[in-house]
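Subject: Handover of a two-chain model

Dear colleague,

Please find the structure below, followed by my notes on what was found in it. I would be grateful if you could read the two side by side.

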Amino acid sequence: MVLNLIVFMLAASGVLKVTDIPNDDGSRLKVEYLIPESFDSAFLYRVSGDKSVLIKRPTNKEGVIVDMGLSYKKEYRYRLVVYADTMKKEYESALVKPRASWFDTSQFPLFIVVILYTGLLLFYLQHARSGKSLYLRPIAGLQAVDEAVGRATEMGRPILYVPGLSSISDVATIAALNILSHVTKKAGEYETKILVPVRDPVVYTIAREIVKEAYYSIGRPDLYNENDVFFATDSQFGYAAHVSGTMVREKTATNFFLGMFWAESLILSETGASTGAIQIAGTDAVTQLPFFIVTCDYTLMGEELYAASAYLSKEPMLTATLKGQDAMKIIILVVIGALSILNLFGVHVTLGLF
Amino acid sequence: MLQRKIPLAMVFVFGVISTLQYFVPHPLSQQYYDTMLKWMIGVGSMAIFLALVSFLRHHYVRLRKKEHAPYSAVAILSFLFMTLVGFIGGMGPGSVFQKMFYYVQAPLQATMFSLLSYYMASASYRAFRAKSFEATLLLITAFIVMFSVTTFGNYVPGVPKALEWIMAVPNMASKRGIAIGVSLGSIATSLKIILGVERNWLGG
């Protein structure tokens with residue numbers, strides 16, 4: 001059936017409101033519509049150049065939609081077509097161009113915290129350059145590294161070093177590789193073999209270079225054996241099986257489990273405990289920490305893993321960053337305390353950090 | 001000397017850009033991020049080749065040692081078999097490669113995973129021996145938590161509430177404490193590497 005329509009072309013003022021959504025990549029526009037009269041059907045189109053695309057069939061008189069997948073380089077117009085009885089009315093918005101932001105203002109509080117924290121760390125680094133010594137509280141797990149390496153030397157058995165199962169993009173893996181350098185140097189001084197099975201191919205190449213460089217730095221390149229740092233498998237439980245087998249057959253005297261671990265943590269550490277090896281573990285995975293605590297002799301909890309490199313090297317520049325961390329923790333504690341007290345009095349403050 | 005300076009300079013430049021990238025939603029920033037991801041995948045692919053050479057060499061050397069020989073032989077043969085099967089029959093649905101994965105590798109992994117229950121029992125026995133005040137506290141807490149998740153425990157007055165309190169207050173507080181320390185530690189480690197203070201990843 002063909003309807004004889006009376007067509008109106010109307011300015012969209014008050015009917016269609018199109019605005020840019022801030023803090024995005026310029027791919028979204030907010031379209032608000034308010035149809036002034038009752039209607040049978042309505043169609044909302046996005047018009048760009050000659051192209052017209054239906055984006056919604058409104059059923060209510062008013063509504064808001066977020067039009068996505070746009071380009072910040074193009075201009076857009078929105079057209080609302082409303083049918084009522086024999087009348088057809090068209091409303092058109094003005095041309096709007098989405099804006100791509102260069103700074104996400106919603107992240108401003110986080111940006112300030114990052115700047116503050118970086119400033120604190122730089123301050124303490126500068127402080128360390130002046131040569132003042134900084135006190136570090138004793139961490140049992142790190143004090144035991146020498147003892148653990150010495151034990152392996154006395155027993156004439158190798159050391160096993162597991163740098164976690166995660167990839168190099170995980171900071172815990174980087175922390176574990178930093179400690180690997182210290183442990184290798186120590187093992188090299190005593191001429192003790194160190195075995196490093198790795199799960200991730202990229203981590204394998206880095207671990208290999210670290211071990212090689214560590215032997216070079218203590219003047220013992222002859223101790224480096226390329227078969228001691230090896231790629232085991234990328235399968236999680238395949239890796240657990242391989243490392244467990246290595247612990248049992250090689251009778252490793254000392255096991256280091258440092259880095260990121262998942263469900264295999266208990267399989268590894270319990271097997272190590274059953275062989276009688278001295279075990280030092282460290283991870284930032286909160287769910288795996290209890291397993292390591294009950295099965296290992298020493299466990300580095302969370303941030304202690306990151307502090308290990310500074311602690312072992314005793315380099316003032318590295319220890320200075322630990323002081324920066326502590327200062328930031330004090331600030332966080334004060335903020336948490338202050339906000340909690342305000343909350344008790346019914347004053348709710350949100351910092352917008354997350 | 002350049003062997004150290006070039007990587008350190010690259011880490012500084014890309015570290016600073018990547019940090020700022022997080023705060024910039026502009027498409028150019030996203031393009032940079034995507035390019036970096038592609039580079040990571042590219043570098044990772046090359047590392048796989050080196051890793052496989054390492055895998056084969058490691059097990060080849062071990063073939064000469066009596067205690068390791070059977071396991072290394074299985075590892076090498078399995079690797080060669082899967083490679084051959086993958087090249088000849090493909091890796092699609094119904095292929096031998098896929099069947100080997102589903103009917104051999106997956107059950108083997110599940111077997112290793114199931115061992116956890118035994119390890120958990122022995123680890124729990126060791127953890128819950130009431131040798132000190134802390135260990136006794138742990139034992140009591142663990143008993144309440146485990147008891148309250150049983151059908152019977154759920155109906156004992158006060159027990160579900162106790163579980164709720166343990167999980168929401170002391171447990172959550174310690175988890176959050178660790179989380180704050182971990183976050184600050186990981187940022188500090190990243191900054192140390194970006195600023196070139198931490199150089200152990202270069203071998204010390």
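Before the rest, two notes on provenance. This is a predicted model, in which local features need pLDDT of at least 70 and side-chain atom pairs count only at pLDDT 80 or more, while totals for chains, interfaces and linings use all residues. Residues are numbered from 1 along each chain as its sequence is written, and chains are lettered from A and ligands numbered from 1 in the order in which they are written.

Chain A

Helices (H or I, at least four residues) and strands (E, at least two) are DSSP runs, numbered from the N terminus. Helix H2 of chain A, residues 140–155, has 16 residues and reaches 22 Å from its first C-alpha to its last, close to the 22 Å expected at 1.5 Å a residue, where the expected span is 1.5 Å times one less than the number of residues. Its buried residues are A:Gly141, A:Leu142, A:Val145, A:Ala148, A:Val149 and A:Ala152; a residue is buried if 20 or more other C-beta atoms, placed from the backbone, lie within 10 Å of its own. Among the elements that cover these residues of H2(A) are helix H3 (171–189), strand E12 (254–258) and helix H8 (303–313) of chain A. Just after H2(A), A:Gly156 takes a positive phi of about 70°.

Helix H5 of chain A, residues 236–250, has 15 residues and a reach of 21 Å from first C-alpha to last, close to the 21 Å expected at 1.5 Å a residue. The buried residues of H5(A) include A:Phe237, A:Tyr239, A:Val243 and A:Met247, and what covers the buried residues of this helix includes H4 of chain B as well as helix H6 (265–274) of chain A.

Chain B and the interface

Chain B has six helices and zero strands. The radius of gyration of chain B, taken over C-alpha atoms, is 26 Å, well over the 17 Å that the globule rule (2.2 Å times the number of residues to the power 0.38) gives for 204 residues, so chain B is more spread out than a compact globule. Its C-alpha trace spans about 65 × 50 × 40 Å along the principal axes, and 15% of its 204 residues count as buried.

Between the chains, the contact (C-beta atoms, placed from the backbone, within 7 Å) takes 67 residues from chain A and 54 residues from chain B. On the side of chain B that touches chain A, helix H2 (27–62), helix H4 (96–127) and helix H6 (159–194) of chain B each supply at least two residues, and the largest share, 16 residues, comes from H6(B).

Chain B is itself divided into domain 1 (1–89) and domain 2 (128–204), with C-alpha centres 33 Å apart. The contact between these two takes seven residues from domain 1 of chain B and four residues from domain 2 of chain B.

With best regards

Technical notes: A residue is buried if 20 or more other C-beta atoms lie within 10 Å of its own, exposed if 12 or fewer, and partly exposed in between; C-beta atoms are placed from the backbone. Domain bounds come from an automatic or database domain assignment.
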